[in-house]
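Hi,

Here is the structure I promised to pass on. Have a look at it first, and my notes follow below.

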Amino acid sequence: MSKKPWYSDGLRFECTGCGNCCTGAPGVVWVSDEELHQIAEFIDEPVGAVKIEHTKLFAGRRTLKDFANGDCTFFDPEKRGCKIYPVRPIQCRTWPFWESNLESEAEWDDVKRECPGAGQGNFFSLEQIEAEAAKIQI
């Protein structure tokens, strides 16, 4: 019999559009070739131009660039939102249900301090949480 995760009764999350997950300390947002093609098509630029202007190599993988202040290359500071929201990378779409955020209740509490939508709004069952977490290893 395996031990149930601390979040086995489910969690609540609803994006408030605050932009906190797109700003702050510099980080990495992994992006696949398929996602790059989707982004390029969405912003009507060649894939090569998107790679040069909006991505960099880090630890042997491609990640979205961020500005010196930590804002994502696709974050619109005036609207406080994502310029590519409909085609944002899977890492962004699965926030906050990353393995690293689900390791412990203390980690989740840290997420709740930064993200006003964590712990609020829509209910996610254990199965839904695990399905989201399985989409990318963060």
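One term before anything else: a residue is called buried under 20% relative accessible area, exposed over 50%, and partly exposed in between, using a 1.4 Å probe and protein chains only. Please keep in mind that this is a predicted model, where local features need pLDDT of at least 70, side-chain atom pairs count only at pLDDT 80 or more, and totals for chains, interfaces and linings use all residues. Residues are numbered from 1 along each chain as its sequence is written, and side-chain values use heavy atoms, with hydrogens and water left out.

Most residues other than glycine have a negative phi, and most peptide bonds are trans. A59 is not a glycine, yet has a positive phi of about 55°. With a relative accessible area of 67%, A59 is exposed, and its place is the loop between β2 (55–58) and β3 (61–64). (Strands are DSSP runs of E with at least two residues, helices are runs of H or I with at least four, and both are numbered from the N terminus.) D44 is also not a glycine and has a positive phi of about 55°. D44 sits in the loop between α1 (33–43) and α2 (47–54) and counts as exposed, at 71% relative accessibility. Then there is a cis peptide bond joining W95 and P96, with omega about 0°; P96 is in the loop between α3 and α4 (99–102).

Now the overall fold. The protein has six helices and six strands, running β-α-α-β-β-β-β-α-α-α-β-α from the N terminus on. Its C-alpha atoms fill a box of roughly 50 × 35 × 25 Å along the principal axes. Buried residues make up 36% of the 138 residues. Taking a contact as heavy atoms within 4.5 Å, 66% of the contacts between residues at least 6 apart in sequence join residues at least 24 apart.

What is packed inside? By nonpolar core I mean a set of buried Ala, Val, Leu, Ile, Met, Phe, Trp, Tyr and Cys residues joined through side-chain atoms within 4.5 Å. The largest one has 15 residues, of which L11, F13, F97, L102, W108 and I129 touch the most other members. At least two residues of this core come from each of β1 (11–13), α5 (105–114), β6 (118–124) and α6 (126–133), and α6 gives the largest share, three residues. A second, separate core has twelve residues, including L36, L64, F75 and I84. Leaving out residues up to four places away in sequence, the contacts of F13 include W95, P96, F97 and F124.

D110 is in helix α5 and counts as partly exposed, at 37% relative accessibility.

Last, the largest pocket. On a 1 Å grid over the protein atoms alone, a pocket is an open set of points where a 1.4 Å probe fits, with protein on both sides within 12 Å along at least five of seven lines; lining residues have an atom within 4 Å of a point. This one is lined by 46 residues, and N20, C21, C22, W95 and W98 lie nearest its centre. The largest share of the lining, three residues, comes from α3.

Cheers
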